[in-house]
Amino acid sequence: MFKPSLIQTISSPETTSHIFINNSNKLIISKKNGDIDIYSKQSHHSFKFSQTYSKLLQNPTLLQQWYHSNELSIIIARYDNSLYFFNSTNLQLFDTIHDKRGIQNCWFINCNHSSSITHSPIVSSSSPPSDDQFIVFIYSMKLKARLRLIIWQNNSYKKMIELSLSNNKEKIISIDHSSQLGLIIVTNISIYYYSLTDNNTTLTKINTIWKKKIDSTDMIQSLQNLQDLTNVASNTTTLDNQSYLSIGRLSKKSSITNFWQRRHRITIPMANQLTSRFVFSNGNDVMVIDPISKNLLFLNHDVTLPSFTAKSHSQFVERNKDFNSIKLCFGNFLLLYNSQFIKIVDYKYGFNYGKFKLNNSNIKSVSILSNNLIAIYTENNDIQIIELKLVDCIMTNDLTSDELSIDYEEEEEEEDNDNDDDEEFIKLWKKVIFYTEFLNLSNYHLFLHNNNNNSSTSFEICAIKLRDLTVLWCLNIFDKLQSCLNVIHNQDSDPQIIQLQNIILSLIFENFIKFWAPPQLVILRTFPFNISNLVKFLTNQNFFTHIKISKISNQSLPLETVQKWIIPYLTDTRRHLKTLLQKDKSSRNGDGVIIWNYNSHSIEQSKDFFMMDDHDDVSLENLLKLIDTTLFLMYLNYIPSMVSTLMRVENSCDFKIVYDQLFERKMFKELLDFYYQHGEHEQALKFLIGLKSHLNDQDNYSSSNLQFQWSQNIQYLILNYLKQLPLSLLDIIINYANWLMENVKDDAKSNILKEIFLLRAENFSYQDQLKVYQYIDKFNSKLSLNFLEIVGAESKIINPNIHIKLIERYLFDFNNNDNNSMTKLKLNSFLRTNNKYNPETILKILQNYLNEGKIPKDQENSFKYLLISPLQRLGKHETSLDILYDQLNDFKTCSNYCLQILNSNSNSNNDNNDDDDDDDDDDGNGNDKNSQNVLLYFFQKIIDSYLLNNITTEIIFFLQIHGKNIDTITLLELIPKNFKLFDLSLTLFNSINKTSFQKDYSKLKQNLLQLELINISNDINQLSASYSILDETYSCPVCRKNFPIYTTGTILWFKIGHRNVATHYNCGKVLQNRINEKKKLTTHQNLKTIQSLRNQDNTA
Amino acid sequence: MSTRKKQILKVIILGDSGVGKTSLMHRYVNDKYSQQYKATIGADFLTKEVAIDNDTTATMQVWDTAGQERFQSLGVAFYRGADCCVLVYDVTNPKSFENIKSWRDEFLIHANVSSPETFPFVILGNKVDTKDSKKSVTLKAAQELSKSLGNIPLFQTSAKNSINVDSAFEEIARGALEQNKADADAYEDDFNDAINIQLDGEPSSCAC
């Protein structure tokens, strides 16, 4: 609350009026003798006399009041019929207005008017909005119902116009402005607006005033309406709908009862009562206080026709009816005064936040000097400067001793209520309003003691206090709401009751969301009792005996409110707690903080913010469990479709509660999701197995379609569950796959194995691959082979035993199955294409098979082909060729093998040694020595065969295919002497062709080089042919001296233009420098500077 | 007397980190694409005026949220009041596809939509411009998912090459508009429940 502190009393018995100039921090006091005293503001808000302007005013006793504009630096003195305009800096009179019709009152209004916003239905979007600054001086006339406006636009005088009021008896009472509409002029009869951007010469009356039947933004008003209905319901046992509806209608002004108003009416003279309208703007809204109709009118700017929305203001009027003057003090606080008291109130409810009177003197007028500083002009003609400070039990209270000269009235004394509960409630309400409005003040720190030091800490303290007060207040309202609903429970289907209930609950929970209300408290007090009872159980707390636990029955909260407000409270709190838990885990000390924002202030909060007072320590995990379980139960009771969603996301719901509830409701799918989310897979599968027998045991299963379906589909559900399980849980998968295999028909088994294991075979880990194979093999060897094939080909990391098993399986089939062509193909394909197996191991297996005679004789040869791929991968090419040529007599495959080696080597050479042209292993034909050796080994084998059989065909084929890849001389050396020349003819012919081509190519290259040599020689000769004769008469062009005839010194020779110039060595150097400088100069001249261009221009 | 709220369609884009949520938003709103990756912190939004079926215009407010887990709690606060939710996965990232269901569930919990069963979702499989060999989420799998979630519209998009982005957002706008209308119908205009009153003149001093 605000407490006044007297800063200074300026005693000036001759004072007629005063005004404070904000810009220069000067207080101007006019006196009856025509003098003007100037006081300057010092530190600590006191004023010091500065100077006197003698006899400045004419007829000083007739001066009514001063007016001031900071922007124009003008002060205006109002007389009965005249206005005198002074410069506020030097008090020089510069203009005068005389008006015979008399001057009633004046206003200086400073307004920003958006010119793009018009009152026509069409809003132009093409012209950008431009804000014009208007300063308007207005005076109303005594003898005419007219007013005159002197308008400055952007600090320049624009025009002066006169406007008429519609009624001759009309008097202007208050004026303010709206940025969209312009001036808002309130008279004793009507309300007008005047647009400053239009050239209207008339005022426009605002006739439309709407009043909502139910104000959805006012919790107290809604509660009051509900209480009215309750009273009717409790008094009239046989109440029909119509009668209580008519009483509850807010549209009827007489029905707005004075809620928590004074009961003792004191007769006050009319002149001292709050009867005059007052228009003011708090920056966001333009409002008119209308004490006559007891309404607060809010201007609606954004509709086609300007209108007002009325809200009941009876509480304000009743609380402050003894005050006849109103001023806007700061923020949403108003200053009211009468001849005895000054009072600071909020504009909505008129609660007293500081009421005081002066000692030994009455009040003439009060003016707001700045922020928290007010000047009181007393009937003793003193000016008392008062500073307002916040008084709070938390804040330090170090008021100066001067405060004793002011009588400060404690606000609590003012309210008079039926019972203690109401008194407590109003105190709470009042504090909530106070701290809300106080924290909305942009200059709140000025009201704090020691405001320089910890203003942000003070804000945080106030904000947390406001939070606590708001939560308690809302809980209080909730209790009142429940009391009402308990009385009128038989009419709870009444739409008006439901609407009021919704409004109250929505606003309560809006506050809970905004202020992060402690979840234990909120759930205990406001949730249905089946949920609130859980708080103790879930948080292991035993201190709730003193807290009133909610008695709301299940399903009694309106669905709309639950969905729109109560569940968002839970999800928001859940989010905050999860973030905090995350921060706790990531911080070193486990004391994470999160930011709570209030009015753009970020306030760090820890776990304690969510706790209740006097609480035992509750872990964040337990709080989360409470919130999630509550959310689960709310979904279950109100929005069952969201249960499955909650079960699928990470949650901390209590296991037992969830199980009991879902099982009871037969929501098995949701229960399975819950188990899955919590990693309780074994429990889920056990549950499913148990469920089958449970459902089978039910007597009435045949009557329940759902039960029947479930019992029939248990296997399918288990299969689906196993399919979803992570492969790391192989033991569980195998365990329950066993159950499935035991409980399904034989024809379904292979499908089950496929679904569980084969569809994601490639994802099994290195360790599990063999285990899974063995498991599948127990049931189906064909599927186990498929498993091996998939894993062997697709897995990124493969257990080597998988390949061994696969080869063994193939070999077994090879051996035991007559119709094994497909196995052969698969085996061959595997050996040729799979590059992941270990060739050594596989070769060993194959050779063992062969050596042990496990392969039928008739298939031995075809089997030997299988050895080639592992041998090739091992680089054992000679062994491969031995097998292919010696054992299998397959020249063609040998030849292809060699080509393959050649190609693979040349490819790898191309890839790896593009830049290594001088590779030692290269034979000059692009083939490395390794492949050359393979070819020569093959060729040697052919020759050996020729020597034995004298068959030339192979040699000829070899030479045709591979001849170009081997050096001809080496070939010829190897070919037996008795080999017919004729058979060699083609090879030789090719060789001669190749050599001839190479020779021609070399010749051509030589000729081209020769040509280039000739050209260069020609150039040299031409240079050598140029000469210059230095005779006796030739003088050096630099030093102008002749060259000595018998000189042995060095000369320098230049070619300048087409002329040869010979100079002495030193002269030549000088000349060289000159030439270089000249070149530089030329370059510089081409690049002209701005300065040079300017100079050129000037010269021109 | 009645006033209708201006149609602002709030669209939330969700999906794993790096699937291209921000790129999709920028491609749609600004028709721009940047190869550079920058993690979104909390949430960010852009607006675009949209014409739906040539007869309705609205302002679409596209909210891009953080995919990275450490920033997710910030973005969740903006889910409420959404008219449509876009679930994005990367066709080259199977994990992002698997997480689509989780994103949908998280959204439904935090957005607190009036009718979870009918709330409009749209699934976008982004980065379809990549080579087929790199794509690991098949169209068939995506179609099965969209069907299992209640026939959610599915689009294969590329923010990089501007493939299907506009048509996807057209569908998003249409869904959002329908949702917005449904919510607006439920919203009771304050003025429908108001009466016009007259101000009285100043009372005379006489009490009679």
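The structure described here is a predicted model, in which local features need pLDDT of at least 70 and side-chain atom pairs count only at pLDDT 80 or more, whereas totals for chains, interfaces and linings use all residues. Residues are numbered from 1 along each chain as its sequence is written, and side-chain values use heavy atoms, with hydrogens and water left out.

In chain A, helix H19 (residues 746-758) packs with helix H21 (residues 781-794) at an angle of about 20°, the axes being 11 Å apart; helices here are DSSP runs of H or I with at least four residues, and strands are runs of E with at least two. H19(A) and H21(A) are therefore roughly parallel to each other. The contact (heavy atoms within 4.5 Å) is formed on the H19(A) side by A:Ser750, A:Leu753, A:Lys754, A:Phe757 and A:Leu758, and on the H21(A) side by A:Leu783, A:Asn786, A:Phe787 and A:Ile790.

Chain A also holds an open sheet of four strands in the order S6-S7-S8-S9, with antiparallel pairing, where two strands pair if DSSP finds at least two bridges between them. Strands S6 (65-69) and S9 (93-98) of chain A stand at the edges with a single partner strand each, so one side of each is left without a neighbour in the sheet. S6(A) pairs with strand S7 (residues 74-78) of chain A in the antiparallel sense over five bridges, and A:Trp66 stands opposite A:Ala77 in S7(A).

Definitions and conventions:
Chains lettered and ligands numbered in written order. Axes fitted to C-alpha atoms, helices over the stretch in contact; angles between N-to-C directions. Parallel < 35°, antiparallel > 145°, perpendicular 65-115°, else oblique.
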